Amino acid sequence: MKDNFEQCLAITLAHEGGWADHPKDPGRATMKGITIGTYAQFKGRKVTKDELRNISDADLRTIYRRNYWDKVRGDDLPTGLDLVAFDGAVNSGPSRGARWLQHGVGALPDGKIGPETVRAATVPNAAQAIGRACDARLSFLRSLKTWATFGKGWSSRVADIRAKAVRMASPQPVSPPPVAPSVPPAPAPRFSIIALLRAALALLFGGKK
C-alpha cells in the first residue's frame with residue numbers, strides 16, 4: 001500500500017541483519033540484505049566489501065524501493081499483501097515474490113504483477129491469501145539444496161512475515177466513544193405525617209383572626 005514502504009522495510013531489515021559473507025550463500029558478501037553484486041550494479045562499477053559494509057541509508061532505501069518494492073508494485077497492493085510480496089522479493093527475487101503473491105490471491109502466476117494481479121489482490125479474506133502465499137514460499141525454500149544450512153532461519157522468517165502481514169491486513173477494532181456516567185435522579189423529598197398535619201392546619205386556620 002502507498003506510504004507503507006517504510007514499515008515493510010523495517011520488518012524486512014530485521015530479518016536481513018547486518019554483515020554476512022557465508023561461503024554457501026550464492027549472494028556472497030551481503031550487508032543489510034544488499035549483495036555486493038546488487039550494490040555494484042546500483043553504483044555502475046565494481047565495489048569493495050568495505051564500501052558495501054558502509055552503505056549509506058539513502059542508497060539502502062533507494063535500492064530496496066527501486067529493486068524490490070516498485071518491482072512488486074508495493075504501492076498498489078493492499079496492506080499486508082504488500083509485505084508478503086516485498087519480503088519474498090527481497091529474499092528470493094522479485095519474480096518469485098510476485099509468483100507467491102499471485103498464488104495466494106488466485107492470479108496467473110507469471111511472475112509479473114500487473115493490473116490483473118492488483119485487482120485479484122483485493123480479496124475479502126486477506127488472511128487466507130497471505131497464508132497461501134507464505135505456504136507457497138516455504139514449499140519452494142524447502143526444495144533448495146541450501147535448506148539444511150538456512151532452513152531454520154527461513155522458516156522463522158516466513159512465520160514472522162505471515163503473522164505480521166495478517167495483523168497489518170486485519171482492520172483494527174474501533175473503540176466506542178466513552179459513555180458519560182448516568183446521574184441518578186434526586187430523591188423525592190420525604191414529609192412526615194406530623195409535617196403534613198401542620199401544613200394542613202396552617203392552611204385552615206392561618207387566615208383567621
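This is a predicted model: local features need pLDDT of at least 70, side-chain atom pairs count only at pLDDT 80 or more; totals for chains, interfaces and linings use all residues.

Visitor: Why is Thr117 called buried?
Guide: Buried means under 20% relative accessible area. Thr117 has 4% relative accessibility, so Thr117 counts as buried.

Visitor: Where does Thr117 lie, and which residues does Thr117 touch beyond four places away in sequence?
Guide: Thr117 lies in helix α7, residues 115–120. Thr117 touches Leu101, Gln102, Val105, Ala107 and Lys112, once residues up to four places away are set aside.

Visitor: What makes Phe86 a contact of Tyr64?
Guide: Contact means heavy atoms within 4.5 Å. Phe86 is in contact with Tyr64, and its other partners beyond four places in sequence include Phe5, Leu9 and Trp69.

Visitor: Which residues touch the most other members of the largest nonpolar core?
Guide: Those are Ile34, Tyr64 and Phe86, in a core of 45 residues. Several helices each supply at least two residues of this core, among them α1 (5–16), α4 (57–69) and α9 (147–169). The largest share, 7 residues, comes from α5.

Visitor: How do you know that β1 and β2 pair?
Guide: Two strands pair if there are at least two bridges between them. Here 2 bridges join β1 to β2 (residues 30–31), and the two run antiparallel. Trp19 has Met31 in β2 as its bridge partner.

Visitor: Why are β1 and β3 said to stand at the edges?
Guide: The open sheet has 3 strands in the order β1-β2-β3. β1 (19–20) and β3 (34–35) each have a single partner strand, so one side of each is left without a neighbour in the sheet.

Conventions. Residues are numbered from 1 along each chain as its sequence is written. Side-chain values use heavy atoms; hydrogens and water are left out. Buried means under 20% relative accessible area, exposed over 50%, partly exposed in between (1.4 Å probe, protein chains only). A nonpolar core is a set of buried Ala, Val, Leu, Ile, Met, Phe, Trp, Tyr and Cys residues joined through side-chain atoms within 4.5 Å.
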